[in-house]
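Here is a short report on a single chain. Look over the sequence and the model first, then read on.

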Amino acid sequence: MGRGTTPRGAESEETASPGAVEGDVRAGAPEWRAWMRDLGRRQRGLREFLGLSQERLARLAGVSQGAVSRLEVGKGLATPLLVVLKVNAVLASEVGKLDPTLVGAELRAAIQLQATLTPSGSVLGFNDLPLAAEPQLEELVRLYRETPARHQSKLLPVLRELVKGLARTAVVVLLCASGG
């Protein structure tokens, strides 16, 4: 086999089908190598925009300069998520120090999203995102899930009757308040 050839039946990285990942045959699966290269390219651009060296960014993030380098060139598919989060947290923090007029709206939105993944000292260590539009709805779902399965089907009729009773009470209160 000459230089530049691949064994019979093996696909080179260039001829592999788009979206395919080693060991992943699902249609439409992300192409992780390209994703990592793009992430690294964007992080490098942001680091350079902020005037940080790889060494300085690594020191601020508490990772090695080599880890930052591998991340920026997309070499580390096995790069620990913790390294990515630490580097992103530092980049977000540094962008937050800039004059807001220097930062585009898309970057500001991305930084706000990033803030949800940045340790905050809360119970989970991350900023808690609301799961539902109303906190009471979250509690109702939690209570339903905590109800033993054999009783869950009985919970809904009870809630329906409760809502009907509350609606009747509200009508009575409105009638009394209006003098009717």
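Trp32 is partly exposed in this predicted model. Its relative accessible area is 37%, which falls between the 20% limit for buried and the 50% limit for exposed. Trp35 is also partly exposed. The two values are set out below.

| Residue | Relative accessible area | Class |
|---|---|---|
| Trp32 | 37% | partly exposed |
| Trp35 | 41% | partly exposed |

Both residues belong to helix 1, which spans residues 32-50. Three residues separate them, about one turn of the helix. The structure holds one aromatic pair. Its ring centres, those of Trp32 and Trp35, are 5.6 Å apart, and the planes meet at 75°, so the pair is edge-to-face. The cut-off for that class is over 60 degrees.

Now to helix 3. This helix covers residues 65-73, and its buried residues are Ala67, Val68, Leu71 and Glu72. They take up an arc of only 130° around the axis, so they sit on the same side of helix 3. What do the buried residues of helix 3 pack against? Their partners are helix 1, helix 2 (54-61) and helix 4 (81-96). Gly74 follows helix 3 and has a positive phi, near 70°.

The chain as a whole has seven helices and zero strands. In sequence order the pattern is α-α-α-α-α-α-α. Of its 180 residues, 23% are buried. Among contacts between residues at least 6 apart in sequence, 45% join residues at least 24 apart. The accessible surface of the chain is about 13400 Å², and carbon and sulfur atoms account for 61% of that surface.

Conventions:
Residues are numbered from 1 along each chain as its sequence is written. This is a predicted model: local features need pLDDT of at least 70, side-chain atom pairs count only at pLDDT 80 or more; totals for chains, interfaces and linings use all residues. Side-chain values use heavy atoms; hydrogens and water are left out. Rings of Phe, Tyr and Trp (its six-membered ring) pair if their centres lie within 6.5 Å; planes under 30 degrees apart count as stacked, over 60 as edge-to-face and the rest as tilted. Helices (H or I, at least four residues) and strands (E, at least two) are DSSP runs, numbered from the N terminus. Buried means under 20% relative accessible area, exposed over 50%, partly exposed in between (1.4 Å probe, protein chains only). The arc is that of the directions from the helix axis to the C-beta atoms. Contact means heavy atoms within 4.5 Å. Accessible areas come from the Shrake-Rupley method with a 1.4 Å probe; for residues, only the protein chains shown count as cover.
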